[in-house]
Structure formats: structure tokens, C-alpha cells
Amino acid sequence: MDMLFFDNIDKLGRIVITAAMVYILVVVTTKVSGKRSTSQLNNFDWIVTVMIGSLGASIILLEDIPFIEGGASIVVLYLLQFLVTKYAAISPQFNSVILSEPRIVFYQGEYLPDAMHAERLTHQELECAMRSEGISRLSEIEAIIFESDAKLTIITKNDNAQANVVSETLLPLMR
């Protein structure tokens with residue numbers, strides 16, 4: 001109970017200096033690794049981000065993890081993420097293993113219960129996405145797609161298109 005608020009000045013100094021060093025390391029490696037590491041995250045990117053955060057906290061707070069060793073683990077995670085995403089960009093087969101496929105959860109006026117159940121989505125979540133896009137009627141929507149990054153994309157009907165024609169953006173998802 002005696003260390004509840006403060007232990008000693010040496011530990012505090014170590015934590016402050018290490019926190020600043022970890023911060024600089026994460027900022028620099030994030031900048032070098034590119035926009036992907038801070039964009040809308042898919043499951044794979046999210047897991048790596050959580051791991052980096054956990055490593056950063058461990059380096060800062062645990063005395064038995066030297067900065068160089070912990071920093072090396074963060075750099076390796078960024079490097080692995082870069083290599084995996086680079087390879088996924090050139091290999092559709094590898095990409096399909098790493099990333100989840102987008103899924104249509106609403107199509108031409110109808111909720112798709114099997115797809116919604118598989119993605120654990122509710123009517124309320126789809127309706128919330130509609131409201132955020134300023135859509136008030138289901139009849140205005142061609143499709144709602146649950147994307148790889150867990151974002152809901154709404155494709156509205158085109159007044160000039162025939163009602164029974166599937167837009168080109170939906171064709172790959174209709175397979």
C-alpha cells in the first residue's frame with residue numbers, strides 16, 4: 001500500500017524517459033510504414049496495432065525489458081505487417097487468407113438474414129448507417145455492404161438505372 005502513489009524517483013525517471021523514447025519510436029515507425037498503419041483498420045491491422053500498444057506499455061512499465069529489445073519487437077511487427085500487406089497486394093490468394101471478404105447484408109429492399117447473422121449485425125446497426133448517410137427509406141438503397149474494415153457502405157439506387165440491374169461494383173460480391 002505504501003507504493004500506491006509513488007515508489008521512487010529513479011523508477012519515475014526511467015518511466016518518463018522510456019515513454020518518450022517509445023513514443024518517438026512508434027511515431028517514426030508509423031510514419032515510415034505508411035498510411036496503412038493508421039487507416040481504417042481491418043482485423044489483421046487491428047491485431048498488429050493492439051500488439052504494438054501492448055509492447056509499448058510493457059517496455060515503458062516493466063524494468064526487465066530493455067528499450068532496445070522491446071523496440072526491436074515493435075520494429076519487427078511493423079516490418080512483418082508491411083511485408084504481409086505488400087504480398088497481399090500482389091497475391092489475391094494470400095489476400096483472401098489474410099483479409100475477410102466484403103459481404104452484402106442488404107440488397108434491393110431486403111435484409112439478408114443469413115449474411116447479417118454470419119457477420120453478427122443487427123437491423124439497428126444497418127439503420128444507423130442509413131441515418132448517418134441521410135437516407136430515410138429502404139427503397140432508396142440498392143445494397144449495404146459490410147466491408148473488410150468493418151465499415152458499412154451504402155450504395156443508393158441510381159434513378160437512371162433499371163431497377164433489376166446490379167451495379168458493376170456489386171457484381172464481384174454476388175458470386
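Good morning. Strands S3 and S4 pair in the antiparallel sense over five bridges. Two strands count as paired if DSSP finds at least two bridges between them; strands (E, at least two residues) and helices (H or I, at least four) are DSSP runs, numbered from the N terminus.

Please note that this is a predicted model, in which local features need pLDDT of at least 70 and side-chain atom pairs count only at pLDDT 80 or more, while totals for chains, interfaces and linings use all residues. Residues are numbered from 1 along each chain as its sequence is written, and side-chain values use heavy atoms, with hydrogens and water left out.

Let us continue with the sheet. It is open, its four strands run in the order S2-S1-S3-S4, and the pairing is antiparallel. Strand S2 (110-111) and S4 are the edge strands, each pairing on one side only. Within the sheet, Phe146 stands opposite Leu152 in S4. Helix H6 packs on the sheet and touches S1, S2, S3 and S4; contact here means heavy atoms within 4.5 Å. The direction of H6 makes about 60° with that of S4, where axes are lines fitted to C-alpha atoms, for helices over the stretch in contact, and angles run from 0 to 180 degrees between N-to-C directions.

I turn to the interior. In soluble globular proteins, nonpolar side chains tend to be buried together. A nonpolar core is a set of buried Ala, Val, Leu, Ile, Met, Phe, Trp, Tyr and Cys residues joined through side-chain atoms within 4.5 Å. Buried means under 20% relative accessible area, exposed over 50%, and partly exposed in between (1.4 Å probe, protein chains only).

The largest nonpolar core has 15 residues, and Leu126 and Ile144 are among those with the most contacts inside it. The elements giving two or more residues to this core include H6 (123-132) and S3 (141-146). Apart from it lies another core, of twelve residues, including Val22 and Val84.

Finally, how many salt bridges are there? There are three, a salt bridge being a side-chain nitrogen of Lys or Arg within 4 Å of a carboxyl oxygen of Asp or Glu. One joins Lys11 and Glu63 (3.9 Å, N to O). These partners are 52 residues apart, with Lys11 in helix H1 and Glu63 in the loop between H2 and H3. Another joins Glu119 and Arg103 at 3.4 Å, N to O, linking helix H5 to strand S1. Arg137 and Glu140 also meet in a salt bridge; Arg137 is exposed, at 51%, whereas Glu140 is partly exposed, at 25%.
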